[in-house]
Amino acid sequence: MNLKTLTTATVAASMALGAGIASADLTFPSLSYRTGPYAPNGIPFADGYADYFTLINERDGGIGGEMINLVECETGYNTEKGVECYESTKGQGSLVYQPLSTGITYQLIPKATADGIPVHSMGYGRTSAANGKVFSNIFNYPGNYWDAASIIVKHILDQEGGDLSGKSLALVYHNSAYGKEPIRTLEELAKKHGYSLTLLAVDHPGQEQKSQWLQIRRERPDYVMMWGWGVMNQVAIQEAVNIRYPMDHFIGVWWSASENDVIPAGEGANGYKAINFHGVGDGFPIYDDIRKYVVDAGKAAGDGSNLGTVLYNRGMYAAMLAVEAARTAQEIHGVSAINPAQMRDGMEALKIDQARMAELGLPDFGPDINVTCANHGGPGEGAIQQWDAASQSWSLITDFVGSDREVIDPLIAEDSAAFAAENNITPRDC
Amino acid sequence: MSPVVLNTIEVILNGLMTGVMYSLVALGFVLIFKASGIFNYAQGVLALFAALTLVGFQTGQVPFAHVINATFGTDYHHWGEGMNTVLAILLTMAVMVLLAWLVERLVLRHLVNQEPIILFMATIGLAFFLEGLGDLMWGANIKVLDVGLPSGGSFWWEDVTRTWAAEGTEYWGMYIDVLDVWAAGIAVVLVVVLTLFSQYTETGRALRAVADDHQAALTVGISLRTIWVVVWSIAGFVALVAGIMWGAKSGVQFSLSLIALKALPVLILGGFTSIPGAIVGGLIIGVGEKLFEFAIGPMIGGATENWFAYVLALFFLMFRPQGLFGERIIERV
Amino acid sequence: MFYREAGDFKTSYVDDQQTFPIRFDRWGVRVLLLVAFLVVPFLINDYWEKSILIPFLVWSLAALGLNILTGYCGLVSLGTGGFMAVGAYASYKIMTAFPEVNIFFVILLSGGVTALVGILFGLPSLRIKGFYLAVATLAAQFFLIWLFNKAPWFYNYSASGQITVPERSVFGIVVTGPEAASWATYLFCLVFVVLFAFVARNLTRGRLGRSWMAIRDMDIAAEIIGVPPLQAKLSAFAVSSFYIGLAGALFFSVYLGAIEPTEAFNIDKSFLVLFMIIIGGLGSIFGSFVGAAFMVLLPVLFKNIMVGGFGWPTDMVQHFIFVLVGGLIMFFLIVEPHGLAQLWRVTKEKLRLWPFPH
């Protein structure tokens, strides 16, 4: 009882404090996970996300004259903590949520929609949220898992000269909702292209994958794809190296695509491929500004050592998309202090072409983005990146290519229709 | 031999190797349980903490760099080039001994004669504490651990086994990871050393006396406290070995503490109080789960290893409720 | 002086047997319930609902359930997460298969389903004892989660493998789904918790509870004096799983609304509930609540103080919370090994005498 009263008093006090800080600024919450089993992936993303906002504040004086207030909240990749973070920050006028976990995203889909706050699940979360008619407040541009699966298969097609009949592919996946995402798409594509598909589930956390890799070694599939996360990535790549699987035939999704995943395997990981939806490395003009205004000014979120890593770039890209959407919203509504509903409109009208990207200091960093009322999934484009162990760097080896729309679109329509029926949502007219 | 037979042998062989890796973790639990009746939940975190400390020394990280920098606005990360692996291992051991002493001094000493579940809970508190402390000291990012052990499939074994296949069949030879072989070797050495230590040294005998009967040991003048510090230090050392072996595969990161979960069925199967039990239990679990995944797994969707280990342990327990090597439970009213 | 029995005379057996025999306790509980039912609903907002009160209530219910099994009957279980998943999936299947059934009965039925599953996994307890029993329940934990993840029937063949709660209402008031008002979901959970806390309190004072405690203290002796171990152990498993199933159903339908089994009900949850009852006090209804408050609310409290109050970096705060919670667990165990409930009992003894030392 005493504890409860104490909790009550302190929480009330600290909430009052929190509310005092955020007044007229544009509030962007960052649901980061710098602790727990997935921290190695969460830290660079959160740093990139924060640093870009800091850059906009320091260099441009905010968005359209409005300073950005970044509220970081630690989720530890845990759904309940994520809910706590959402509830504690939404009252401060949070403009858009980047939940950064499958579990939290699924939580927020109904909640945020009811609260009228947009959610940007960039390359994760519920794939069929790409259908803006059903998911009015959820955005997953520029690509989703089904796009990723299709683009990986396209890349394999290119490697094999356009014919996959009689070939065998294997998918090593994290045994969770996230890992199971690409299975439907890969099965549909198997019907179309005539390859055989082997599914290999790895249970959380995935430190022991000997069975799976022995099976791969026995069956010798022509290509192995991976939907992994956390420690599973490092172990899978290490095991692939151990069984001397040809690394350039091993392709991961964009969450199995960071430096963290390949470095522990050392030289052997050379040639490992992964799909990505944005550029890699720090060879972009914007890094000069980030170094000048953020890192050298001592305002960086991290220690500055992960600038240019894949996940840092992804966090920065996410922040850039959020800032551009806020700018669009300001133009549409003619006010600088936008609210979440206006932010949603801005996200829905977001258009970024190569000229704009170059202006922002990120030439050729990602595909053109053109979000519409019906399409919240963006272009659905991705490129393949490859690891070079000698120089410890990734490089894009293909252009950004689109996915197989004739396979993906019906799947999205089907799944979103099921969601709409289950939740009594009448699709909007677009 | 036909490829099916060879494949089965390969699976069994790799299951044995995996089993040894499980046993390495389980050993630490057994040591502490035997000497003090404590089920040490913190053993997994201990492995993580040891591995983190080792990497920290190796690469010359400044402990608590993040806290120091955040508090004083400084920018410290490394204090030099790091140090030689052997020296780093020795220093890590020193840290583990210090930790054992502190645990005894600050926690266990005050909980003498409590029920097992209370002691279990205390180790949970310790686990939370070390988890936070480890991350505060060394940071939560992933670290590469390289102590110079070889890894990768063995070519020699592949070539040898390739000739075993029947004429005309396609067979690539058997796979075995060199690192696993090393781990098995180290485990054997570890068990031999531990046995010798407990049989032929004074401390070792005192240790066994305490394990047999606390009160009797006290009456003949053995200091329980010293013994506990020794046992926790040894468990810390075993944790370090397990941390190195598992960390070499995945890099050192938070998930390393989860390996404790893989040791639970091993412990229960082998009995909490028996070192050979931990080894045999590990081997049975390793082979059992690999064979099941190989033979039945594909039919029911795979990823069966986690629960099958427990079902297997449960099956054995139905016949021997005290574990394979556990002390017989005698019940009296 | 503040807390005393003197002058509290009982004139009938009914009086002597009531749930709270001491007047001060009786009034304390009444006031607490009045506040909980009549004051809190008017003050509650989304943050309080989703981050503090509902998690507290749901975890209290789970802790109550485990305390019946572990605290009263002495059977250690690490399958709580798995049993909660059973409750959650049962409620989802019942809700989607029979949309006309009132959510109140859906939750109760889910508890019933979980009780059956609990009995099944409780069977090995007749032969296996102590920490070894944990293995049987761990098998349940891992197997059930694997099953819910693998068999598409459980998630109605949806592409994502997640289950999302449909909207349901009681007396026309929406209690599940995103449109539910904070006070409604809070009261809905509160009714279950209060109701079943009273049931638990009285169960444990009755014949069944006494037979559980006899088994806990020494099962062979209990058997000799005529307590059937089969009945006692399995009934403990059934009742405990019923409570845990209720908690799981509420956890899914009211608290989170969307669930993915591998993350929401993993082994950490089983350990969490076990920590709650040990730190709160084994074999104590009050202890279950305190334990849940300690493990669920303390981190939130620390977080709000350190991030909201001091403005420290979030990751450092999280690590500090681990250190602090771990340190506090050890501290409380050293001060009072029998849990916070025992600490409260000692405080009551002191209050009884206060301000006179003798």
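1. First, a term: helices (H or I, at least four residues) and strands (E, at least two) are DSSP runs, numbered from the N terminus. On that basis chain B has 14 helices and 0 strands, and its pattern along the sequence reads α-α-α-α-α-α-α-α-α-α-α-α-α-α. Please keep in mind that this is a predicted model, in which local features need pLDDT of at least 70 and side-chain atom pairs count only at pLDDT 80 or more, while totals for chains, interfaces and linings use all residues. Residues are numbered from 1 along each chain as its sequence is written, and chains are lettered from A and ligands numbered from 1 in the order in which they are written.

2. On overall dimensions, the radius of gyration is taken over C-alpha atoms, and the globule rule is 2.2 Å times the number of residues to the power 0.38. For the 333 residues of chain B the rule gives 20 Å; the chain has 22 Å, which is close, so chain B is as compact as a globular protein of that length. The C-alpha trace of chain B spans about 70 × 65 × 40 Å along its principal axes.

3. Chain C contains 15 helices and 4 strands. Its radius of gyration is 21 Å, in agreement with the value near 21 Å for a compact globule of 358 residues. Along the principal axes, the C-alpha trace of chain C spans about 70 × 55 × 45 Å.

4. Now the interfaces, where two residues are in contact if their C-beta atoms, placed from the backbone, lie within 7 Å. Between chains C and B, the contact takes 37 residues from chain C and 43 residues from chain B. On the chain C side, helix H6 (133-150), helix H9 (219-224), helix H12 (267-280) and helix H14 (314-335) each give two or more residues. Which helix has the largest share of that side? H14(C) does, with 13 residues. For the classes, Ala, Val, Leu, Ile, Met, Phe, Trp, Tyr, Cys and Pro count as nonpolar, Asp, Glu, Lys and Arg as charged, and the others, Gly among them, as polar. The side of chain C that touches chain B then has 30 nonpolar, 3 polar and 4 charged residues.

5. Chain A meets chain B too, through 33 residues from chain A and 34 residues from chain B. Helix H2 (39-60), strand E6 (196-202), helix H7 (210-219) and helix H8 (231-242) of chain A each bring at least two residues to the chain A side. H8(A) gives the most, with 6 residues. By class, this side of chain A divides into 15 nonpolar, 10 polar and 8 charged residues.

6. Within chain A there are two domains to look at, with bounds from an automatic or database domain assignment: domain 1 (26-143 + 282-379 + 410-422) and domain 2 (145-276). Their C-alpha centres lie 27 Å apart. In the contact between them, 12 residues of domain 1 of chain A meet 20 residues of domain 2 of chain A. H2 and helix H11 (310-333) of chain A each supply at least two residues of the domain 1 side, which divides into 6 nonpolar, 6 polar and no charged residues.

7. One helix pair in chain C deserves a look. Helix H4 (residues 80-97) of chain C packs on H12(C) at an angle of about 110 degrees, with the axes 6 Å apart; axes are lines fitted to C-alpha atoms, for helices over the stretch in contact, and angles run from 0 to 180 degrees between N-to-C directions. H4(C) is therefore roughly perpendicular to H12(C) (angles under 35 degrees count as roughly parallel, over 145 as roughly antiparallel, 65 to 115 as roughly perpendicular and the rest as oblique). The contact is made by C:Thr80, C:Gly81 and C:Met84 of H4(C) with C:Ile267, C:Lys269, C:Ser270 and C:Val273 of H12(C).

8. Finally, some backbone details in chain A. Most residues other than glycine have a negative phi, and most peptide bonds are trans. The bond from A:Tyr141 to A:Pro142 is cis, with omega near 5 degrees, and a cis peptide bond also joins A:His204 and A:Pro205, with omega about -5 degrees. A:Pro205 sits in the loop between E6 and H7 of chain A. A:Gln392, not a glycine, has a positive phi of about 50 degrees.
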